[in-house]
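Here is a short tour of one structure, written to be read with the model open beside you.

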Amino acid sequence: MKTEKAKRMCILGIDTGGTTTDAVLYDPRTETVVAKGMAPTTRQDLKNGIHQSMDGLRPVDGADLHAVEIGKVVLSTTLATNAIVEGQGRPTGLILIGSRPKGELPTENVVQVAGKINIKGRETEPVNPDEIEQAVAALLPKVEAMAVSGMMSVRNNAHELAVKKAIRCHSAMPVVCGHELSSQLGYHDRTVTTVLNASLIPIIQNFARAVRETMDERGITAPVYLVKGDGALASLATISEKPIETILSGPAASILGAMTLADTDSGIVADMGGTTTDTGVVRHHRLTLSPVGAKVGKWQTQVDSAKLSTFGLGGDTEIYPEKGKPVLTAHRVAPACRGGGAEDLTPTDLLCAEGSLTRWDTAASQHALAFQSRWAGLEAKDYLDQAKALVLDRIRNRVFEEPDYQDAADQHLPVIAIGAPAKTWYSLMAEQADITRPIVVPPHFEVANAVGAATAAIEERVNALVRPDEAEEGYVAHVEGQSEFFKDKDEAVVFAKAKAGEIAQKRAEAQGPEAIHTEVSDKDIKQKIGWRWHYVETQVRAVARSGHLELVEEAEKPAFEKHFD
């Protein structure tokens, strides 16, 4: 009797970047790339680019793709980031409870209603149901989503929930409350985050449907996840409600993929794409998250993201001529060799024109080079050499001489270069006499973002706080928009730790079938006044995760660190 050979269980990782959509089949058991593919990103319909990248999957080292079974699908996407930067979010109404936060807001459809919660979580002014009804009636005809924000909702979410309930009585459109997205104080940034998230929900839900349809068409029944901006995973269903968490997911995935492919525990990751280069540093498997949250365009949010530096340099960065010299901009144009303007020149065109890159239309690049060099009054070779030097100078200044990477402990960190243009440009950097830092271009560098998506893991974090309650001479525990009062500090801490751990565990388990383990830690904060130390608060942190992620405490830094080992 013939037995059927067991299938090779793989993860399908897909990264939709600004220029290309990359796909890989990754075997987590052997930690190897089984197949990889690449296609142009179709920004008007990301589904097409995903289709094409999957169609382009080609086996690596003779792998048998017929013996592969897909156990999980993971995507990183620029969809949310692009929608925010380009102002393409759906019209959103905002109901503010109490005062208006200082600063610009991402919607003009704003109504304020009365209501107030103090910093201890006690109601000092109730909401008025009739006023809420009037606000809802005024906004619903104008918008496709609703946001609700109150100054102290992270201490007591009752007012926000009351407004959300009233909206739900009249409409099925998406409704987002500030306390559902962040437990941090900072009324303005939390309100901005809430409005942006609500405006993205209709967009991401359409994307989620398209992705699921794509998988169904191919008979793929595996669960689908997206990478968040902090490098963790979230299920498609979760992201459909919290799309804001996917901003900067591509750069986070690139760091994960670079460390996996380079097989090292430390390095400066430089991801050179079509439009920008994103850099981030990993020290001994630890990636620090931004202490202030992700900033996209002009909007500061309270969304966790990897601490990154981004600058305008990619394969499609525009070069134009001035008298006597080329100028390297920070703007993207389509390269002449890939069907762009006949006189448009980019770093990709420079390589095509000199013959080191033969994948596209060499003649078109040479035509653009000849035009620009004549306009600048230079020989074509001199113009080419000067333009290449500009590209290398920008890499040197923004990667090798970046102040954030100059601490004594970082002096010997290698630069791990990934992204489609990386091999050529960083090989040229290695030839520069003033470059002493090691440069690593790992295998499969061109699809490292997709590898990062495939290797990401689930992680949910919940913060809680215990503080003195001066009014009642006791203590108050603040957990996820709720406040509980205690006479004894230890009882308050025990409650906060148990509640935070329970919430984190449930959220992580809701993401899918993976095994989850939760760690809860607490830290007393004290302040020295005179010669005595006075208790200020207890900070509680719960982290629920799957697989290889590990929380590392570091007292001096307010941000989380994540362990990729």
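## A walk through the predicted model

Leaving aside its neighbours within four places in sequence, V143 touches P91, T92, G93, N109 and M173 in this predicted model. V143 sits in the loop between α3 (129-139) and β10 (145-150). Is V143 buried or exposed? V143 counts as buried because its relative accessibility is 9%, which is under the 20% cut-off. One of its contacts, N109, is 34 residues away along the chain, and the two C-alpha atoms are 8.0 Å apart.

The buried residues in α3 are I132, A135, V136 and L139. They lie on the same side of the helix, because they cover an arc of only 95° around the axis. D130, Q134 and A137, on the other side of α3, are exposed. What do the buried residues of α3 pack against? Their partners are β6 (92-97), β7 (110-113), β10 and α4 (158-168). At the N-terminal end, N128 caps α3, with a side-chain oxygen 2.9 Å from the backbone nitrogen of D130.

The largest nonpolar core holds 52 residues, and L12, L75, F207 and M215 have the most contacts inside it. Helix α5 (residues 187-217) gives the most to this core, with 13 residues. Leaving aside neighbours within four places in sequence, L12 is in contact with residues including V24, L25, M54, L57 and M215. Apart from this core lies another, of 47 residues, among them Y225, V451, A508 and I516.

Finally, the charges. The whole structure has 28 salt bridges, and three of them are set out here.

| Pair | N to O distance |
|---|---|
| D385 and K381 | 2.8 Å |
| D434 and R396 | 2.8 Å |
| R545 and E519 | 2.3 Å |

D385 and K381 are separated by about one helical turn, because they are four residues apart in helix α10 (residues 380-400). D385 is partly exposed at 35% relative accessible area, and K381 is exposed at 56%.

D434 is partly exposed, at 46% relative accessibility, and R396 is buried at 10%.

R545 in strand β28 (residues 532-545) and E519 in strand β27 (residues 517-529) are 26 residues apart. R545 is buried at 1%, whereas E519 is partly exposed at 34%. Elsewhere, salt bridges that share partners join D230, D304, E459 and R461 into one network.

How values were computed. Residues numbered from 1 in each chain as written. Predicted model: local features only at pLDDT ≥ 70, side-chain atom pairs only at ≥ 80, totals over all residues. Heavy atoms only, no water. Helix = DSSP H or I, 4+ residues; strand = E, 2+ residues; numbered from the N terminus. Buried < 20%, exposed > 50% of the residue type's maximum accessible area, 1.4 Å probe, protein only. Contact = heavy atoms within 4.5 Å. Arc of directions from axis to C-beta. Polar contact = N/O pair within 3.5 Å; in protein donor to acceptor, adjacent residues only side chain to side chain. Core = buried A, V, L, I, M, F, W, Y, C linked by side-chain atoms within 4.5 Å. Salt bridge = Lys/Arg side-chain N within 4 Å of Asp/Glu carboxyl O.
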